[in-house]
Amino acid sequence: MEHEHIVSSFDEDLGRLDSIIAEMGGLAERQLADAVDALSRRDVALAKKVIESDKQIDLLEEEIDNFTIRVLALRQPMAEDLRAVVVALKMASNLERIGDYAKNVAKRTLTLSAMEPVGNATQTIQRMARQVQSMIKNVLDAYGAHDLAKADDVRMRDEEVDLMHTSLFRELLTYMLEDPRNITACTHLLFVAKNVERIGDHVTSIAENVHFLVSGDKPADERPKNDLSSQTIVE
Amino acid sequence: MELAIHTDVSANARVNAQGLNSKPHKVTAEGVNVFYGNKQALNQVNLDIPSNMVTALIGPSGCGKSTFLRCLNRMNDVVDGCRVEGEICLDGENIYARGVDVVHLRARVGMVFQKPNPFPKSIYDNVAYGPRIHGLAKSRTDMDEIVMTSLEKAGLLDEVRDRLDAPGTGLSGGQQQRLCIARAIAVEPEVILMDEPCSALDPIATAKIEELIDELKENYTIIMVTHSMQQAARVSQKTAFFHLGELVEQGDTTDIFTKPVDERTKAYVTGRIG
């Protein structure tokens, strides 16, 4: 909105919320990139760094929690301001979960790095992660620019992630059927794939919140979903 | 008493047509202009007020919301140089039509003011005053019944039951305001106008009045001017936003406060410089 608040410190509050979210988002995006990078390069040091860095995201979420409660109590925001505060609170929770999933990928990387590599699964996971990373980047841009079209576009792209997840699921099942010695590594990789897929879901949720922030309404249409892994069997 | 309320045919037709689709509006205002001397205070206001709901009128000082409220029971008649144009109907009848009994109108459309203004009389007589001049009670028992019921409805009875002969002016501010509400409902109005009814009260007294307004809407149509946006959001179902004598936006209260459409409404409800 072009006008400033009569109470100028309220503008500072809202600006601070935006900048904490931007910082959290940047961190979450990098954590995912580093975690998957560590997985594909079997880089134990990088994986440990990812595990360590998750604390930063947790601290920022706590800061958003405390700060939004303060803003709600002291400013009693209305209309667009109210949406901004509520959306920041929900986004912080999504971003914190994204951080947790990246951390879990890093933990499994420590285990997987001590085992024989299995097939090409890590490459597929990397492709999937790149897609999710670009969704994170775009949804943060949409948030910063209040760009409705961009947020809606991110929301629609989760379908591609679901498709990749389904195909990974089949691939890993096949490796396990081929040789039972693959089962341990493949099970960890299944969880890694699931983590990346869940991150995609959180990004979609953020996109829906950005839609609400900008328009005042929840997205009306159903988004396409294509995660068929729960029905997949390999014979 | 003569009840010569002239019916405006076109207004009646309009309300009836509406009735086919939904509940008719209790009060309808169309093309309302108000002038104080040469100065125009309201400009072409069209606003329909639904029955048994609380409608909040909001807007910055001088926007015309109180002026509009005062049109609804012709309180502006007593202001020198004030001229009202357009049509305001109560149940489809034009209240500015010739021959309308203003005293009777004000019994149907009661009013509660910003500052509690009890009469310098006993609590009992404050409430009994209206029914007495309108001849609503046939006996002392009737009058007792009206007074007690009105005090009960206004949520004041328990606090004053044993001192009905004490002066109304001796009550606390919040109690005085509830006494004024009891006084207003004693004459069995259909509409209650409230002009910033809580602005002179502390938060506890305010909460009691808000609770009361919520109960009263079961039986009355309430139109309230308030400067507290949180209060409008809490107690009203419909909200109308006025700015510089114009009705800028009206609609469901939740929409006005969560996703207003007009830029001026947005600026006002979010506390920005408009």
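How many residues apart in helix H3 (residues 79–112) of chain A are Asp100(A) and Arg97(A)? They are three residues apart, so about one helical turn separates Asp100(A) from Arg97(A). Here helices (H or I, at least four residues) and strands (E, at least two) are DSSP runs, numbered from the N terminus. The model is a predicted one, in which local features need pLDDT of at least 70 and side-chain atom pairs count only at pLDDT 80 or more, while totals for chains, interfaces and linings use all residues. Residues are numbered from 1 along each chain as its sequence is written, chains are lettered from A and ligands numbered from 1 in the order in which they are written, and side-chain values use heavy atoms, with hydrogens and water left out.

The side chains of Asp100(A) and Arg97(A) meet in a salt bridge, at 3.0 Å from N to O.

Arg30(A) is partly exposed at 41%, whereas Asp34(A) counts as buried at 14% relative accessibility.

Turning to chain B, Asp144(B) and Arg140(B) lie four residues apart, about one turn, in helix H5 (residues 140–153). Their salt bridge spans 3.4 Å, N to O. Asp144(B) is partly exposed at 29% relative accessibility, and Arg140(B) is exposed at 56%. Elsewhere, salt bridges that share partners link Lys26(B), Asp91(B), Glu93(B), Arg108(B) and Glu190(B) into one network.

Next comes the sheet of chain B. Strands of a sheet pair through backbone hydrogen bonds, either parallel or antiparallel. In chain B, six strands form an open sheet with mixed pairing, in the order S6-S7-S8-S3-S9-S10; two strands are said to pair if DSSP finds at least two bridges between them. At the edges stand strand S6 (109–112) and strand S10 (246–252), each pairing on one side only. On average, neighbouring strands of this sheet are turned by 20° against each other, direction ignored. Helix H7 (residues 173–185) of chain B packs on the sheet, where it touches S6 and strand S7 (191–195), and its direction makes about 170° with that of S6(B). Contact means heavy atoms within 4.5 Å; axes are lines fitted to C-alpha atoms, for helices over the stretch in contact, and angles run from 0 to 180 degrees between N-to-C directions. Within the sheet, strand S3 (residues 54–58) and strand S9 (residues 238–243) of chain B pair in the parallel sense over four bridges, and Ile58(B) stands opposite Phe241(B) in S9(B).

Finally, a search of the whole structure finds zero disulfides over all chains, a disulfide being a pair of cysteine sulfur atoms within 2.5 Å. For Cys63(B), the nearest cysteine sulfur is that of Cys71(B), 13 Å away; Cys63(B) is buried, with a relative accessible area of 1%. For Cys89(B), the nearest cysteine sulfur is again that of Cys71(B), 13 Å away, and Cys89(B) is buried with a relative accessible area of 1%.

Key
Buried < 20%, exposed > 50% of the residue type's maximum accessible area, 1.4 Å probe, protein only. Salt bridge = Lys/Arg side-chain N within 4 Å of Asp/Glu carboxyl O.
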